Amino acid sequence: MSNDFYCDEVLNGKTQVNRVYETDRVLAYHHTRPYYEHHVVVIPKLHVGSLISGEAENTEQLLLEVLRVIKKVASDMVLQTGAAKVVTNLGDYQESKHMHWHVVSGQTIR
């Protein structure tokens, strides 16, 4: 397996996920191994390495669509739990080399 869990497992259907929200180009789903009580991952459906990677597909239009989904998921989480945090990792902090964002709330569970 490569360092892209999202393409290798989630987007090709090998790992089933509980979808929260979806557009033609973006998927939000409950984390398969959550770190928080409420933990949603938001990813583009095509491979983009990270927020700062240089692929031709890493366009402002894609980022705006990702952020629209994050906004919806975070808004829903705040309504449900009273708070939310939005995080993305880069470089050595980024275990899977596919742009992904975490929308989380509540206590850490591991």
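**View 1. Antiparallel pairing of strands E2 and E3 in the predicted model****.** Strand E2 (residues 26–30) and strand E3 (residues 36–44) are joined in the antiparallel sense by 5 bridges. Strands are DSSP runs (E, at least two residues), numbered from the N terminus, and two of them pair if DSSP finds at least two bridges between them. Leu 27 faces Ile 43 of E3. The two strands make a hairpin, with 5 residues separating E2 from E3. Of the 5 residues in E2, 4 are buried (under 20% relative accessible area, with a 1.4 Å probe and protein chains only).

**View 2. The hairpin of strands E1 and E2****.** Strand E1 (residues 19–22) runs antiparallel to E2, and 3 bridges connect them. Between E1 and E2 lie 3 residues. Glu 22 has Leu 27 in E2 as its bridge partner; Leu 27 also stands opposite Ile 43 in E3.

**View 3. Strand E5 and its pairing with E3 and E4****.** Strand E5 (residues 101–108) is antiparallel to E3, with 6 bridges between them. One of the residue pairs here is Tyr 36 with Thr 108 of E5. Strand E4 (residues 85–88) is likewise antiparallel to E5, through 4 bridges. Within this pairing, Val 86 lies opposite Val 103 in E5.

**Notes to all views.** The model is predicted: local features need pLDDT of at least 70, side-chain atom pairs count only at pLDDT 80 or more, and totals for chains, interfaces and linings use all residues. Residues are numbered from 1 along each chain as its sequence is written, and side-chain values use heavy atoms, leaving out hydrogens and water.

Key:
Buried means under 20% relative accessible area, exposed over 50%, partly exposed in between (1.4 Å probe, protein chains only).
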